[in-house]
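Hi,

Here is the structure I promised to pass on. Have a look at it first, and my notes follow below.

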Amino acid sequence: MAVSDEGYQHIEHGFEPVFDEHSRVLVLGSFPSVLSRANAFYYGNPQNRFWRVMATCLGMPVPPNEGDPLASGEPATLDASIAAKRAMLLNGGVALWDAIERCDIKGSSDASIRNVVPAHIERITGAAPIEQVICNGGTAGRLYKRYLQERTGLPAIVLPSTSPANAAWRLERLVERWSGAADWQAFSI
């Protein structure tokens with residue numbers, strides 16, 4: 001990771017996609033935030049509504065964030081949090097990745113992204129029977145359409161971002177919009 005002009009950093013994604021041979025829907029973000037990169041897993045900012053939205057769509061309990069109490073009363077470790085999130089997605093037939101493998105970026109700002117190297121999407125589409133692509137936010141949608149759609153042959157549904165920066169969308173509206181975008185229960189294994 002090198003710091004370049006105007007506060008940009010050249011950053012590689014740094015962690016693996018979530019998928020298995022049963023994944024039928026692929027949810028794509030743009031690029032991991034600073035907190036996600038620090039945690040080496042998706043949607044690491046506890047203020048991001050992604051995990052609450054997905055749990056509701058899939059009809060499953062919200063997985064704990066690091067520090068949240070578990071059933072035992074003990075706080076969840078980062079590893080336990082990641083394992084619960086990964087299990088929820090895989091049990092729901094959901095693959096998760098980002099459209100970008102590496103880029104230049106300022107902090108977590110999608111608007112600052114430049115010098116994009118797209119993700120090798122065939123890692124997922126070559127191993128899983130993906131039927132639907134859903135993009136978490138407009139930036140992910142634009143990146144998918146520009147770099148990846150031709151390679152997958154699948155159009156994407158672009159949904160409002162679950163990022164806390166998207167304050168215009170309250171949790172209830174996000175859940176309603178995301179829930180209505182796909183038959184999530186049909187993807188579950």
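What covers the buried residues of H3? Keep in mind that this is a predicted model. The cover includes helix H1 (34–39), helix H2 (50–58) and strand E4 (94–98). The buried residues of H3 themselves are Ser81, Ile82, Lys85, Met88, Leu89 and Leu90.

H3 itself holds up to a quick length check. It has 14 residues, 78–91, and at 1.5 Å a residue these should span 20 Å; the C-alpha atoms at its ends are 20 Å apart, so the two agree. After H3 comes Gly93, which has a positive phi, near 75 degrees.

Now for H2 against H3. The two helices pack at an angle of about 35 degrees, and their axes are 10 Å apart. The crossing of H2 past H3 is left-handed. On the H2 side, the contact is made by Trp51, Met54, Ala55 and Leu58, while H3 brings Lys85, Met88 and Leu89. Sorted by class, that contact has six nonpolar residues, one charged and no polar.

Last, the core. The largest nonpolar core has 53 residues, and those with the most contacts inside it are Tyr42, Trp51, Met54, Leu96, Trp178 and Trp184. H2 gives this core its largest share, seven residues.

Cheers

Technical notes:
Residues numbered from 1 in each chain as written. Predicted model: local features only at pLDDT ≥ 70, side-chain atom pairs only at ≥ 80, totals over all residues. Heavy atoms only, no water. Helix = DSSP H or I, 4+ residues; strand = E, 2+ residues; numbered from the N terminus. Expected span 1.5 Å × (residues − 1). Buried < 20%, exposed > 50% of the residue type's maximum accessible area, 1.4 Å probe, protein only. Contact = heavy atoms within 4.5 Å. Axes fitted to C-alpha atoms, helices over the stretch in contact; angles between N-to-C directions. Left-handed = near helix turned anticlockwise from the far one by under 90°. Nonpolar A, V, L, I, M, F, W, Y, C, P; charged D, E, K, R; others polar. Core = buried A, V, L, I, M, F, W, Y, C linked by side-chain atoms within 4.5 Å.
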